[in-house]
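Subject: Structure handover

Hi,

Here is the structure you asked about. Please open it alongside these notes.

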Amino acid sequence: IYAIFAIILWSTLGVGFKLAVNGLNNFSVTYFVTLFATIFLFISITIKKKLFKTFKILKKNLIYFIIVGIIGLGIHPLLYTKGYSLLSASNTVAIFYSYPIFMILLSSIFFKDKLSFNSTICLLIGFIGVIILVTKGNLSDFNLNSGIIYTLLAALTWAFFSVIIKY
């Protein structure tokens, strides 16, 4: 049941963000998303009786969690919601889901993960695919506007966030 609930929430995220940024600025949307996520996470940790263990880990790694929180819960959603305010929801989602490509690149740069020839080809195909989706197949229509830049930066910050919490 949790998986179904998560799928329903995740599948409505794009439309929800698009509606939210039409009514609020991206700072307000980011604030409320972070606030509600924090409240639900706190409730979940409390119900699972892991509150003191969580605070112990937090206290031990405070600087790390502050940096990760600023990137993952501050910078990333600000860029992402700004992208939603400037692009269609479908383009924002298509561009944002280039983050696995950035994750592979960042892992190879910062953590010396091996990047094979096949992986490199797949990365190039992925980038080309994003461009084709955004231009709807008309490559001469590609326009690198601020919405695309904000969304690419959102994907890059999410990839960086994902890579640094992995290691």
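Among contacts between residues at least 6 apart in sequence, 75% join residues at least 24 apart. Contact here means heavy atoms within 4.5 Å.

Two points on method. This is a predicted model, in which local features need pLDDT of at least 70 and side-chain atom pairs count only at pLDDT 80 or more, while totals for chains, interfaces and linings use all residues. Residues are numbered from 1 along each chain as its sequence is written, and side-chain values use heavy atoms, with hydrogens and water left out.

Overall layout

The protein has nine helices and zero strands. Both are DSSP runs, numbered from the N terminus: helices are H or I with at least four residues, strands are E with at least two. The C-alpha trace spans about 55 × 45 × 30 Å along its principal axes. Of the 167 residues, 28% are buried. Buried means under 20% relative accessible area, exposed means over 50%, and partly exposed lies in between (1.4 Å probe, protein chains only). The protein exposes about 11300 Å², and carbon and sulfur atoms supply 76% of that. These areas come from the Shrake-Rupley method with a 1.4 Å probe; for residues, only the protein chains shown count as cover.

Cores

In soluble globular proteins, nonpolar side chains tend to be buried together. A nonpolar core is a set of buried Ala, Val, Leu, Ile, Met, Phe, Trp, Tyr and Cys residues joined through side-chain atoms within 4.5 Å. The largest one here has 14 residues, and Y80 and F96 have the most contacts inside it. Helices α2 (13–23), α5 (62–86), α7 (99–110) and α9 (146–166) each give two or more residues to this core. The largest share, four residues, comes from α9. A second, separate core has five residues, including L87, I95, V134 and I148.

What does F96 touch, not counting residues up to four places away in sequence? H76, Y80, T151, A154, A155 and W158.

Aromatic pairs

Rings of Phe, Tyr and Trp (its six-membered ring) pair if their centres lie within 6.5 Å; planes under 30 degrees apart count as stacked, over 60 as edge-to-face and the rest as tilted. The count comes to 11 aromatic pairs. Y31 and F32 form an edge-to-face pair, 5.2 Å centre to centre with 70 degrees between the planes. F32 is partly exposed, at 37% relative accessibility. W158 and F161 form a tilted pair, at 5.0 Å and 35 degrees. These two are three residues apart in helix α9, so about one helical turn separates them. W158 is partly exposed, with a relative accessible area of 24%. F161 is buried, at 13%. Ring pairs also link Y80, Y84, F96, Y97 and Y99 into a cluster.

Two residues to look at

T30 sits in helix α3 (residues 26–47). T30 counts as buried because its relative accessible area is 7%. Its side chain reaches the backbone oxygen of N26 at 2.9 Å. Leaving aside neighbours within four places in sequence, T30 is in contact with L73, G74, P77, L78 and T81.

Y64 is in helix α5. Y64 is partly exposed, at 33% relative accessibility. Beyond its neighbours within four places in sequence, Y64 is in contact with I164 and I165. Y64 and L152 are 88 residues apart in sequence and 24 Å apart in space, C-alpha to C-alpha.

Best wishes

Methods
A polar contact is a pair of N or O atoms within 3.5 Å; within protein, one must be able to donate a hydrogen and the other to accept it, and residues adjacent in sequence count only if both atoms are side-chain atoms.
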